[in-house]
Amino acid sequence: MPTLLDHTGAVIADDGAPSARFTTAATLEEIVPAMAGNAVVTIEFPVFRDGRGFSLARALREHHGYTGAIRAAGHIIADQYAFLVRCGFTQVELPDGADPAEWRRALSVIAIAYQPGYGPEETALGWRRFGTV
Amino acid sequence: MSEAQAPVGLYRYDEVDRAFVHQRVAQFRDQVERFMAGTLTGDEFKPLRLMNGLYLQLHAYMLRVAIPYGVLSSDQLRALARIARRYDRGYGHFTTRQNLQYNWIKLEETADILADLADVDMHALQTSGNCIRNVTTDQFCGAAADEFVDPRVYAEILRQWSTNHPEFTYLPRKFKIAISGSPADRAAVKVHDIGLLSRRDDQGRVGFRVFVGGGLGRTPFVGKLVRDWLPEEDFLAYMEAILRVYNQAGRRDNIYKARIKILVHEMKLEPFRAAVEAEFEAIRGPRFRVEPELVAAIQARFAPPPLETLPAESPALDAAKAANPAFARWLVANTLAHKAPGYACVTLSLKPPGGIPGDATADQMDAVAGLADRYSFGEVRVAHEQNLVFAHVRRDELFALWKALDALGFATANIGHVTDIIACPGLDYCALANARSIPLAQVISTRFADIERQHALGPLTVNISGCINACGHHHVANIGVLGVDKKGEEAYQITIGGNAGPDAAIGDIIGPSVTAAEVPDVIESLVAVYLRQRRDGERFIDTLGRLGPKSFKEALNADAA
């Protein structure tokens, strides 16, 4: 079983909740109907450079009111963890052999953001920057 | 840095901005260590180093330092000189994107360089990679007489918004935004992924005309008008909407078709606009609204130059001009009207006869910093034409400045003329190039060095790119030179009729490629046609526009026969 982290870096167990899995090539028209019956929407990155997944998560949150879990899977790297969380992902499925400590470090190395995002930072400050210094 | 010492002309960092650039240095240090340790693969490390400005070139790493919208303080320029001495070979290269490149950098020293930059409120963030790049603007912003909006404030808002943007850091391809505050459009906005022309409505409110899908490279396009009036408050929401459409629909199957210009072209303009407008309608609102308070807060962090009230005319200047024809020529070519009486904007030419366009040694950088302190409130700008600018010089001090610049080699009176050549690094440095650019620029600038002759020829732009990626902007030059590979030999294709201004146009190819040695002769033939055919007051580009390229091509064929 791959290691799962939540949006804070904590290791969590896969509780077996119903999950729908898509790749970054999926369209919102394909994903949205699956939201209703599933507690988790998983978006798999075929390669870490494929940034479509970030927009998919944001659109699910912003335009479709999805409040369930969004899980990133496939080829993702630690340096993307904070971006994933800030786009609305709440879980990451670590690639084989990845070190959770490295991912936690990557999540917190940048504490400042210059634009609105989703995640625990959401309640802080104003438009210009979220997070805490 | 106290308020009293606030540098003129550039956005003054606060503690948050400063903490951020230092956090990014720590992050990069960690990434380099993980790459060295093998937990990051080369493929994974590459975009991370690129987003910190670090390229792997033919002979060494190259570091591209961001100069946001081209404005530097003299202290920052001195820091760049120190870095050039300590980590490079004692010089730097100013680029067409208003940045500075060091060509001889070591990977293991890069984090230290980034830390030195962070100490003077600078960075190399997003100067490469498939993300939103350094926003460029008019080098005379905040000073030019013809400006109606200061674009720096909006360029800074864009810089902050696009920095480490969580959604738009793994785009299909790089993304360049340019913004102009003047109808003269000295920022070439129509050849950018997004071009913004600032406007004011009849009540004085700021807004923008939005062009999308311009660009050079192997498939040049002039940007298409997507929105005629974008109110200031919706400015970022609309950028988000354009980027989101592009991030989702832009092609990722072919690097050569991945820019937004191809998406706009393939989708067609109306469906593209409809998609952007639909996204915009969905996200516009408080979340992305640019409030007047925010604009004012950013504006307040730009210290204006403490200009004095001066008479418009300077008898001393007039006398010096009358007595010194070389100075008079420099005034014509290298100065521009300032919005305040008694001041002028001055361009320092980094294109001496036989020189390397855009290069400056560390000693020259230090000397320029000293002159900036003396003559222009300690502020220096970088022009996309690879020159430097002092934006606020007293007219009665122009003669003294000219003499000081002449001693430095930066007073060539050739701005906008045939030897003010934009050239990419070319095959001397670049892994992508087909042909050398720099030696050719040196040969052309030597051939046409006679400054009286240059002025007789009038405004004429010549740009050189070493390959089809067009970093030297050859497409938008009046005479463009493109390096090509002809059966393993370096050769050059010539285009004419390009224009980077408000009437942006892509040049036409005028015949088979020629050798490097033949290029100056081709330019001679083209200007000869112009001199024979020109009517009163016509520039090269005007005569060419009136006659069409045919007569120029014919003359070339006749000369070649």
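This is a predicted model: local features need pLDDT of at least 70, side-chain atom pairs count only at pLDDT 80 or more; totals for chains, interfaces and linings use all residues.
Residues are numbered from 1 along each chain as its sequence is written, chains are lettered from A in the order in which they are written, and side-chain values use heavy atoms, with hydrogens and water left out.

At the interface, 35 residues of chain A are in contact with 43 residues of chain B, where contact means heavy atoms within 4.5 Å. Across this interface the rule finds 8 salt bridges, each a side-chain nitrogen of Lys or Arg within 4 Å of a carboxyl oxygen of Asp or Glu, and the side chains of Glu167(B) and Arg58(A) meet in a salt bridge at 2.9 Å, N to O. On the side of chain A that touches chain B, two or more residues each come from helix 2 (52–62), helix 3 (81–86) and helix 4 (100–108) of chain A, helices being DSSP runs of H or I with at least four residues, numbered from the N terminus. Helix 2 of chain A gives the largest share of that side, 6 residues.

Within chain B, helix 16 (residues 519–533) and helix 17 (residues 540–547) pack at an angle of about 80 degrees, with their axes 10 Å apart; the axes are lines fitted to C-alpha atoms over the stretch in contact, and angles run from 0 to 180 degrees between N-to-C directions. Helix 16 of chain B is therefore roughly perpendicular to helix 17 of chain B, a term for angles of 65 to 115 degrees. Among the residues that make this contact are Leu526(B) and Tyr530(B) of helix 16 of chain B and Phe540(B) and Leu547(B) of helix 17 of chain B.

Key: Angles under 35 degrees count as roughly parallel, over 145 as roughly antiparallel, 65 to 115 as roughly perpendicular and the rest as oblique.
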